[in-house]
Amino acid sequence: MADWTKKSILRNNALLQYIYETSAYPKEHEQLKELREATAHKYRDLSVMNVPVDEAQFLSMLLKIMNAKKTLEIGVFTGYSLLATALALPEDGRVIAIDPDKEAYETGSPFLKKAGMQHKIKFIPADAFLVLDDLIQNGEEGSFDFIFVDAYKSDYLKFHEQTLKLVKMGGIIAYDNTLWYGSVAESEKEIVDDLIIKFRSFVIEFNSFLAADPRVESSLLSIGDGLTLCRRLY
């Protein structure tokens, strides 16, 4: 099973385990649990690419509070956050999911079907920038209630310009991993992982950009590996 402590910014692993065992795991949907375990078995360390269970439950509650019906997900992997989204949407809700890695998606696909959620999901195995451009050109601007972005951090600034066109006024864009394993508050000499170093500067730049972007109201949450919510103002 995946070691979620590798992704969480909580330095107290006992506290993280308390959150999972007391609040998150008891309310985790059966197919979400099965998908989480299947991903951990097949992908081992890569399974942390899925959002952790407490973050997924937060997003699920947010979608319900918003009464969201039309959503978009950029970066799917095996689909843990996608299934959490589909479960949170009403029966006539829809989510467009984009990821070039069809093989990873197919790992989670049986669990989406088992949960009876496949009718809510349109999976597009393609370059997200091209798909978003097509959506914009086809008159989808301002039509999405919620957009979740969990892709290459070096692309976040570019995604932001596209998603701002697609989300409706007052809608929410959520960006994952915006504390990047806590490295945003550390000096480079303290970091030993090459992947963290590679994308750290992009995350720091993106966070600074959002803080100064007048088009959105934003909040950076210390859940999972950092989650930034942006509410479109105009």
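Student: How many positive and negative side chains does the chain have?

Tutor: This is a predicted model. In it, the chain carries 27 positive and 35 negative side chains.

Student: And how far apart do the centres of the two sets lie?

Tutor: The centres of the positive and negative sets lie 4 Å apart.

Student: OK, the fold. How many helices and strands does the chain have?

Tutor: There are eight helices and seven strands in the chain. The radius of gyration is 17 Å, close to the 17 Å that the globule rule gives for 234 residues, so the chain is as compact as a globular protein of that length.

Student: What does the C-alpha trace span along its principal axes?

Tutor: About 45 × 45 × 30 Å.

Student: What share of the residues count as buried?

Tutor: Of the 234 residues, 51% count as buried.

Student: What share of the contacts with a separation of 6 or more comes from residues 24 or more positions apart?

Tutor: That share is 71%.

Student: Let's pick a residue. Where is Y80 found?

Tutor: Y80 is in helix α4, which covers residues 80-88.

Student: Is Y80 buried or exposed?

Tutor: Y80 is buried, because its relative accessible area is 1% and the cut-off for buried is under 20%.

Student: Which residues does Y80 touch?

Tutor: Setting aside residues up to four places away in sequence, Y80 touches E28, L32, L35, R36, N50, V51, V53 and A56. With E28 there is also a polar contact, side chain to side chain, at 2.5 Å.

Student: What about S201, how far is its C-alpha atom from that of Y80?

Tutor: The C-alpha atoms of Y80 and S201 are separated by 27 Å. Along the chain, the two residues are 121 residues apart.

Student: Different spot now. Where does S183 lie?

Tutor: S183 lies in a loop, with β5 (167-176) on one side and α8 (194-212) on the other.

Student: Buried or exposed, for S183?

Tutor: S183 is buried, with a relative accessible area of 0%.

Student: Which residues is S183 in contact with?

Tutor: Apart from neighbours within four places in sequence, S183 contacts I191, I196 and R200.

Student: And how far are the C-alpha atoms of S183 and F199 separated?

Tutor: By 9.8 Å, with S183 and F199 being 16 residues apart along the chain.

Notes
Residues numbered from 1 in each chain as written. Predicted model: local features only at pLDDT ≥ 70, side-chain atom pairs only at ≥ 80, totals over all residues. Heavy atoms only, no water. Helix = DSSP H or I, 4+ residues; strand = E, 2+ residues; numbered from the N terminus. Buried < 20%, exposed > 50% of the residue type's maximum accessible area, 1.4 Å probe, protein only. Contact = heavy atoms within 4.5 Å. Polar contact = N/O pair within 3.5 Å; in protein donor to acceptor, adjacent residues only side chain to side chain. Rg over C-alpha atoms; globule rule 2.2 N^0.38 Å. Lys, Arg positive; Asp, Glu negative; His and termini not counted. Charge placed at Lys NZ, Arg CZ, Asp CG, Glu CD.
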